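The following exercises are to be worked with the sequence and the model at hand. Each task is followed by a solution in steps.

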Amino acid sequence: MNKIMIVEDDRKLNDGIVLALRENCNAFLQCRTLAEARNLLTQEEIALVLLDVNLPDGNGIDFVREVRAYSPVPILLITVNNMELDIVTGLEAGANDYITKPFSLMVLRARVAV
């Protein structure tokens, strides 16, 4: 069973993503801070990270750079930051994909398909 880590501080959105992706029989690790995500990445085998950029304890793009120093785990950024420069910065930092909020859960399901 593939484990998907969701790093999103909005509890309702975090739970909504789980509900939308649950049909694929994935296991979910839900985090609301980068500190929680760092801890789980060292303890679990993660198939995919869904990562918000704006988190209470740091910037998701900085976290992508940090993770890329030791892991090739696929990372999909999900954020309200929708300027072209934001998207390019996220992809150049090492994210595999970038989705802007609000987004379609059907589109997210199609992109996740791990």
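Two strands pair if DSSP finds at least two bridges between them. Helices (H or I, at least four residues) and strands (E, at least two) are DSSP runs, numbered from the N terminus. The model is predicted, so local features need pLDDT of at least 70, side-chain atom pairs count only at pLDDT 80 or more, and totals for chains, interfaces and linings use all residues. Residues are numbered from 1 along each chain as its sequence is written, and side-chain values use heavy atoms, with hydrogens and water left out.

**Exercise 1.** Determine how many bridges join strand 6 to strand 7, and whether the two run parallel or antiparallel.

*Solution.*
1. Strand 6 (residues 75-79) and strand 7 (residues 97-100) are joined by four bridges and run parallel.
2. Asp97 of strand 7 is the bridge partner of Leu76.
3. With helix 4 (residues 84-93), the two strands make a right-handed β-α-β unit; right-handed means that, with the strands pointing away from the viewer, the path from the first strand over the helix to the second runs clockwise.

**Exercise 2.** State whether Thr79 is buried or exposed, and list which residues it touches.

*Solution.*
1. Thr79 lies in strand 6.
2. Its relative accessibility is 0%, so Thr79 counts as buried (under 20% relative accessible area; exposed is over 50%, partly exposed in between; 1.4 Å probe, protein chains only).
3. Not counting residues up to four places away in sequence, Thr79 touches Asp52, Val53, Asn54, Tyr98, Ile99, Thr100 and Lys101, contact being heavy atoms within 4.5 Å.
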